[in-house]
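The following paragraphs lead the reader through a single protein model, from its overall confidence to its individual side-chain contacts. Please keep the sequence and the structure in view while reading.

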Amino acid sequence: MPFSSKPINPSPLHSRLKRNPALFGVPFLLIIIGASFGLQTFTQTRYDLQDQKVKQMSSEQALGLDRKKKKFDIREEYYKLSAAGEQDWEPKRIARPNDFPELGVPPTEPPVKP
């Protein structure tokens, strides 16, 4: 005997939602849209605080605190680093392990497979 699709004691809310499903969907959409407008004030506050920080930095710049700084030029830094790199180190040859031949020299024996 299969189970019947009708409950034994149907609630009036269940039967009303079954007849008209928009009664569930409309309040749900109203909550989603209302929350969007509610969160708008919090996000606006966040952006206002960020804007105040930027304005504070511009007022420090207006006082002339950044005049001492030298302009940054990437080409100048590149030339400094490339010149310093040639002076500070010297290439040294590292001894190879015994089972590896020198580069360009063919091995005298075939490699041993374990």
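**Confidence, fold and contacts**

Among the elements of the protein chain, H2 has the highest mean pLDDT (84) and H3 the lowest (79); pLDDT is the predictor's confidence in each residue, from 0 to 100. For the protein chain, the mean pLDDT is 78, and 79% of the residues reach 70 or more. The model is predicted, and local features therefore need pLDDT of at least 70, side-chain atom pairs count only at pLDDT 80 or more, and totals for chains, interfaces and linings use all residues. Residues are numbered from 1 along each chain as its sequence is written, and side-chain values use heavy atoms, with hydrogens and water left out.

The protein chain contains three helices and zero strands, where helices (H or I, at least four residues) and strands (E, at least two) are DSSP runs numbered from the N terminus. Along the sequence, the pattern reads α-α-α.

How much of the protein chain counts as buried? Of its 114 residues, 1% count as buried; the term means under 20% relative accessible area, with exposed meaning over 50% and partly exposed in between (1.4 Å probe, protein chains only). The accessible surface of the protein chain comes to about 12300 Å², and 63% of this belongs to carbon and sulfur atoms. Such areas come from the Shrake-Rupley method with a 1.4 Å probe, and for residues only the protein chains shown count as cover.

One part of this surface is a nonpolar patch formed by Phe28, Leu29, Ile32, Ile33 and Phe37, which together have about 540 Å² of accessible area. Patches are made of residues with over 30% relative accessible area and no salt bridge; like charges are joined within 9 Å, and nonpolar side chains (Val, Leu, Ile, Met, Phe, Trp, Tyr) within 5 Å. Phenylalanine 28 lies in helix H2 (residues 22–62). With a relative accessible area of 47%, phenylalanine 28 is partly exposed.

Side chains of opposite charge can pair when their charged atoms come close. The structure holds three salt bridges, each defined as a side-chain nitrogen of Lys or Arg within 4 Å of a carboxyl oxygen of Asp or Glu. One of them links aspartate 73 and arginine 75, at 3.7 Å from N to O. Aspartate 73 is partly exposed, at 30% relative accessibility, whereas arginine 75 is exposed, at 57%.

Which residue forms a salt bridge with glutamate 76? The partner is lysine 80, with the closest N and O atoms 3.7 Å apart. Both residues lie in helix H3 (residues 74–88), four residues apart, about one turn of the helix. Lysine 80 is partly exposed at 45% relative accessibility, and glutamate 76 is partly exposed at 29%. Lysine 80 also meets glutamate 77 in a salt bridge (3.9 Å, N to O). Glutamate 77 and lysine 80 are three residues apart in helix H3, and therefore about one helical turn separates them.
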